Structures are given as C-alpha cells and as structure tokens.
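Please read the points below beside the sequence and the coordinates.

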Amino acid sequence: MSDTTKPEGESALPTAPDADAPKKTYKASCHCGAFAYNVTASPPLDDPKAEVIQCNCSICTRNGYLFIYPPNSSVEFTKGAFDEFKSYTFGPKPKVAHYFCGACGASCMLRSIDPNFFVGMTPLNVRMLEDIDLRALKIKHLDGKSYTPS
Ligand SMILES: [Zn+2]
C-alpha cells in the first residue's frame, strides 16, 4: 500500500493484482452488442478470494453496478472502441467518468479523469460479462454514499 494518507472511501478500494496471480478472461458486451470486449479478471470471479463491489452511492444505485477493478490493459475491445462510448460525469470536480452504450444505455465501465485518482484502472460492471452466475458472486459493500470527495 502507498504511504500517503487517503480518505476512508478511497483506501477501501482494491489495487491492481500481482502479475502472477490467477486470472480468467471473460467475454462481455453491452445489451445491443455495439460494444464487445474481453475482460481479464484476477482472481477469476469464481475464485473463493474474488469479490465484486456493490456501492450505495447515487449513481451506483441507479446503474446497478457490480464492480471489479482491472487495469486498463485487461480490457480489450473486440467490437466498438472505448472512445465510442457515451460518457457521463457529475458533481463540481468529477474524478471519474461513466461510460455507457449510446444505443442500448448499458452502463459498462468507468475510468479516472483525475490524474491523482486511480489512473490506469477500469472499474468495470460485471453485469456485462457472459457466463457468470451473479447469484454466486461474493458481494462486498462499499459505503460510497458517506464518502465526500475533497
Ligand atoms: Zn449497446
């Protein structure tokens, strides 16, 4: 972990996995199929150590996000491209942008737009992944609602 002091909400977020950790690649897409991408998750989502994050903040609640946090390099587009997503930000100093399909509206992923906030990682909505059992996922709750960005 870094030795800089971070607010509670930020330090609760996971960091990038070790290079030699177990991993699995999943196919993912938005609902209409305009965007398709491969996601490499480490650990694999059915690994006993795997967790997905469910946050209670205003946007996560509405979009139904269930997050993992792969590095950008673990998300590979096979149809469409990242810069073809529509994006959404809110608040006076947004740290991340939310990316969704402009045709079907599926909320696919986030990326940092603040050079001091989780640069290089893609908070990714596992609801877009194929062949996963949502009911079997281990959910970790994040109290984003109580987190006030500085
Ligand atoms: Zn779509």
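The points below cover the metal site, the salt bridges and the nonpolar cores.

1. Basis. The model is predicted, so local features need pLDDT of at least 70 and side-chain atom pairs count only at pLDDT 80 or more, while totals for chains, interfaces and linings use all residues. Residues are numbered from 1 along each chain as its sequence is written, and side-chain values use heavy atoms, with hydrogens and water left out.

2. Zinc site. The zinc ion is coordinated by the SG atoms of C30, C32, C101 and C104, at 2.3 to 2.4 Å. Donors are N, O and S atoms within 2.8 Å of the metal (3.2 Å for Na, K and Ca); water is not among the atoms, so sites may look incomplete. Along the chain, the donors follow the spacing C-x1-C-x68-C-x2-C.

3. Geometry of the site. The arrangement is tetrahedral because the 4 donor atoms subtend angles of 106 to 118° around the zinc ion. Four donors count as tetrahedral if all angles lie between 85 and 135 degrees.

4. C101 is buried, at 2% relative accessible area, whereas C104 is partly exposed, at 28%. Buried means under 20% relative accessible area, exposed over 50%, and partly exposed in between (1.4 Å probe, protein chains only).

5. Disulfides. The count is 0 disulfides, a disulfide being a pair of cysteine sulfur atoms within 2.5 Å.

6. Salt bridges. The structure holds 3 salt bridges, each defined as a side-chain nitrogen of Lys or Arg within 4 Å of a carboxyl oxygen of Asp or Glu. K138 and E51 form one of them, with an N to O distance of 3.9 Å. This pair links distant parts of the chain, 87 residues apart: K138 is in the loop between β9 (124-125) and β10 (139-142), and E51 in the loop between β2 (36-41) and β3 (52-55). Strands (E, at least two residues) are DSSP runs, numbered from the N terminus. Both partners are partly exposed, K138 at 46% and E51 at 34%.

7. A buried pair. In the salt bridge between K95 and D114, the closest N and O atoms are 3.6 Å apart. K95 lies in the loop between β6 (86-88) and β7 (96-100) and D114 in the loop between β8 (107-112) and β9, so the pair ties together parts that are 19 residues apart in sequence. Both K95 and D114 are buried.

8. A further pair. R135 and D133 form a salt bridge at 3.5 Å between the closest N and O atoms; R135 is exposed, at 78%, and D133 is partly exposed, at 38%.

9. Nonpolar cores. Within the largest nonpolar core, of 25 residues, Y37, L45 and M109 touch the most other members. A nonpolar core is a set of buried Ala, Val, Leu, Ile, Met, Phe, Trp, Tyr and Cys residues joined through side-chain atoms within 4.5 Å. β1 (24-29), β2, β7 and β8 each supply at least two residues of this core, and the largest share, 3 residues, comes from β2. A second, separate core of 13 residues includes I59, Y65, Y69 and V96.

Methods:
Tetrahedral: all angles 85-135°; square planar, octahedral: opposite > 155°, others 65-115°. Helix = DSSP H or I, 4+ residues; strand = E, 2+ residues; numbered from the N terminus.
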